[in-house]
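Thanks, everyone. I'll take a few minutes on one model, and I'll keep it brisk. Here it is.

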Amino acid sequence: MKGLDLERLQAYLKSPRELTGQMFAGGRSNLTYAVTDGEQRWVLRRPPLGHVLPTAHDMTREHRVLEALAKAGFPAPRPVLLCTDTEVIGAPFYLMEHVDGTIYRDIAKLQALGPDAMRRLALSLVDTLADLHALDPAAIGLAGFGRPEGFNQRQVNRWKKQLDASRSREVAGIDELHARLAVDIPDGGPGTVVHGDFRLDNVLIGEQLQVNAVLDWEMSTLGDPLSDVALMFIYADLPLNVGADGKLTAPLRVPGHPSLAELGARYAERSRRDVSDLHWYVGFAAFKLAVILEGVHYRYVQGQTVGEGFESIGKMVGPLVMRGHEALEGH
């Protein structure tokens, strides 16, 4: 299996039973596999193949935040094992428990829920984010996990460096967007645990539309919680795929999905935070996601992606850059 040698993993785990596994579809960065010995089930995470950006794909950080969150009672998978020895499968990795649930990355499945269920699902997502931001990092063992002071400034600098490391073509307006973002950067309030990539298809949803687990913590740190809120807004308006009506549809356009204003009001009510002016944050979220997808596109053209669906990623970058400019202009 590409990216995962099951025989070497079995030997490392000293498992008397043969391991089988399959890669999860939909991941754009770290590779994620379902692994079982026929009795127990785990999920394995490892960095992508090939082009790995500095500071990205840190398995030790992911393992640490999952361990802290699971102990705190937040819906996150419980980590089982961390291996930093690259001789085992060719890269660092960790195992975590398997959590049951549905990932809604198919727009037709969202449309099939019906308006009432769609609304409950979207609001459950917002509540979970507010609950994450309510956690005291020091109290759950994450003191020093990040530096909240100057977070937004460092983020602007960091994602410009990531862009420079992933350039394979000209992207109209992206450097201008970065320059505009760098002019007036919010200080941000007290830091919280931030997910860094919080979206509907990064959570496992249970039968009662509750969030069973939040996944993909590779960009988590301590920082400005409004960065998570803005990115959630950007993702809500980003088309997932073609719906039952044959049209490319974003979750926000599914009947019953709350408006961005409603999502913001729900978050503000539950978190007691002011979200009245998110224009800079939304502009930056669009820039950050554009850079992330440009990095994925870079790996795709280099033949370093695993799985399907990567051929269209590059087409999403331009519209995100435009959305970033629009946000800074107050739209």
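**A charge, a cavity and some rings**

Start with Arg61. Its charged end sits over the ring of Phe145, 3.9 Å from the ring centre. The cut-off here is NZ of Lys or CZ of Arg within 6 Å of the ring centre and within 35 degrees of the ring normal.

A word on the basis. This is a predicted model, so local features need pLDDT of at least 70 and side-chain atom pairs pLDDT 80 or more, while totals for chains, interfaces and linings use all residues. Residues are numbered from 1 along each chain as its sequence is written, and side-chain values use heavy atoms, with hydrogens and water left out.

Next, the cavity. The search of the whole structure finds 1 cavity of 30 Å³ or more. A cavity is a set of points on a 1 Å grid over the protein atoms alone, where a 1.4 Å probe fits but cannot get out; lining residues have an atom within 4 Å of a point. The largest cavity holds about 120 Å³ of space, where volume is the space filled by probe spheres set on the points, joined across faces, edges and corners.

What lines it? There are 16 residues in the lining, and Phe151, Gln155, Ser227, Phe284 and Lys288 are the closest to the centre. Helix 5 (151–165), helix 7 (225–236) and helix 9 (279–301) each give two or more residues. Helices are DSSP runs of H or I, at least four residues, and strands are runs of E, at least two, numbered from the N terminus. Helix 9 gives the most, 5 residues.

The structure holds 5 aromatic pairs. Rings of Phe, Tyr and Trp (its six-membered ring) pair if their centres lie within 6.5 Å; planes under 30 degrees apart are stacked, over 60 edge-to-face, the rest tilted. Trp280 and Phe284 are stacked, at 5.5 Å centre to centre and 5 degrees between the planes. Phe284 and Phe287 have centres 6.3 Å apart and planes at 45 degrees, so that pair is tilted. Trp280, Tyr281, Phe284 and Phe287 form one aromatic cluster. Both Trp280 and Phe284 are buried, and Phe287 is buried too. Buried means under 20% relative accessible area, exposed over 50%, partly exposed in between (1.4 Å probe, protein chains only).

Last, backbone. Most residues other than glycine have a negative phi. Asp216 has a positive phi of about 60 degrees, in the loop between strand 8 (211–214) and strand 9 (221–223). For Arg272, phi is near 65 degrees. Arg272 lies in the loop between helix 8 (260–271) and helix 9, and is exposed at 72% relative accessibility.

Note on methods
1 Å grid on protein atoms, 1.4 Å probe; cavity = no way out; pocket = protein on both sides within 12 Å on 5 of 7 lines; lining within 4 Å.
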